[in-house]
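Biologist: I am new to this structure and would like to learn how to read it. Could you walk me through it, feature by feature?

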Amino acid sequence: MTLTALDWLDTWERSQTLPLPLRPCALLAPLMPGGQAAAEQLPLGWRDRQLLQLHAALFGPALPATVACPACNERLEITLDCHALQIDAPSEAPRELSVQWQGERISYRLPDSRDLAALQHETDTQAAQSRLLQRCAPAAITLPDLAREEIAAAMAQADPQAATLLDLQCPNCAEQWDELFDIGVYLDDALGQWSERLLDQVHVLAQAYGWSETQILALSPNRRARYLARVLS
Ligand SMILES: [Zn+2]
């Protein structure tokens with residue numbers, strides 16, 4: 001399915017009305033047969049692989065970013081790659097997984113965006129962990145800590161793409177650290193900036209030629225750029 005510039009403007013605007021954890025799902029919703037609900041129920045790694053592919057399709061595979069060294073505050077310019085960040089996995093996400101605990105089979109499912117939304121106001125990490133486990137592995141509530149830790153570890157292992165950790169080193173002070181990279185936040189931001197630039201173009205062309213927004217957005221990007229060059233020259 002090909003979405004027009006107007007579709008993406010609408011899609012991004014709609015995403016901004018949602019709670020933060022659900023916004024990346026709104027970007028995938030128009031591309032998925034099950035829409036927003038299906039996107040919200042994708043395990044996080046399966047969601048993020050699709051977001052990486054979407055970024056590559058919309059803006060190319062390069063992900064330029066700036067991070068600050070936690071030790072000396074030096075700003076590092078890095079460029080990540082949508083393809084390199086993707087961890088291989090079956091295209092269909094597993095519906096239900098399980099671990100064995102003392103001869104018993106404990107079922108669990110992988111966390112999705114709805115789980116993140118349910119936990120978004122939980123500031124205590126331990127409490128958040130516990131609630132997440134309650135949602136994804138209800139049978140584990142009565143189990144000892146060791147069993148719960150095992151399920152949490154199995155969960156992380158079954159969906160390594162759910163947390164993309166960058167292994168970074170500061171060229172200034174040699175500090176090494178792990179930085180979490182969130183393609184959901186990144187793509188949301190990239191689309192936001194793109195939509196601002198597009199509205200700037202519409203604004204200038206509408207003023208110069210009296211065309212409507214629909215007419216201007218119907219122009220190819222190349223044609224828009226050539227008219228803009230004439231107005232701004
Ligand atoms: Zn440093």
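Biologist: Let me start with charged side chains: which residues are linked in a network of salt bridges?

Modeller: Here is the general idea: side chains of opposite charge can pair when their charged atoms come close. In this predicted model, Arg109, Asp112, Asp115 and Arg135 are linked in such a network. The structure holds six salt bridges.

Biologist: What is the distance between the closest N and O atoms of Glu40 and Arg114?

Modeller: Those atoms are 2.8 Å apart, and the two residues form a salt bridge. The pair ties together distant parts of the chain: Glu40 sits in helix H3 and Arg114 in helix H5 (residues 113-119), 74 residues apart.

Biologist: Is Glu40 buried or exposed?

Modeller: Buried means under 20% relative accessible area. Glu40 has 10% relative accessibility, so Glu40 counts as buried.

Biologist: Which salt bridge does Arg47 make?

Modeller: Arg47 meets Asp48, with 3.0 Å from N to O. Arg47 is buried, with a relative accessible area of 4%, and Asp48 counts as buried at 4% too. Now look at Arg131 and Glu122, whose closest N and O atoms are 3.8 Å apart in their salt bridge. Arg131 is partly exposed at 34%, and Glu122 is partly exposed at 28%.

Biologist: Let me step back to the whole chain. Which domains does the assignment give?

Modeller: The domain assignment gives domain 1 (5-88 + 164-193) and domain 2 (97-158). As you can see, domain 1 is written as two segments. The centres of the two domains, taken over C-alpha atoms, are 24 Å apart. Their contact takes 14 residues from domain 1 and nine residues from domain 2.

Biologist: How much area do the two domains bury between them?

Modeller: About 900 Å², with 61% of it on carbon and sulfur atoms. On the domain 1 side, Pro21, Glu40 and Leu44 lose the most area to domain 2, together 49% of what that side buries.

Biologist: How many salt bridges are counted between the domains?

Modeller: The count is one. Arg114 and Glu40 form a salt bridge, and four residue pairs are in polar contact across the interface. Helix H3 (35-40) and helix H4 (44-59) each supply at least two residues of the domain 1 side that touches domain 2. The residues of that side divide into eleven nonpolar, one polar and two charged.

Methods:
Residues numbered from 1 in each chain as written. Predicted model: local features only at pLDDT ≥ 70, side-chain atom pairs only at ≥ 80, totals over all residues. Heavy atoms only, no water. Domains from an automatic or database assignment. Contact = heavy atoms within 4.5 Å. Buried area = accessible area lost by both parts, 1.4 Å probe. Salt bridge = Lys/Arg side-chain N within 4 Å of Asp/Glu carboxyl O. Polar contact = N/O pair within 3.5 Å; in protein donor to acceptor, adjacent residues only side chain to side chain. Helix = DSSP H or I, 4+ residues; strand = E, 2+ residues; numbered from the N terminus. Nonpolar A, V, L, I, M, F, W, Y, C, P; charged D, E, K, R; others polar. Buried < 20%, exposed > 50% of the residue type's maximum accessible area, 1.4 Å probe, protein only.
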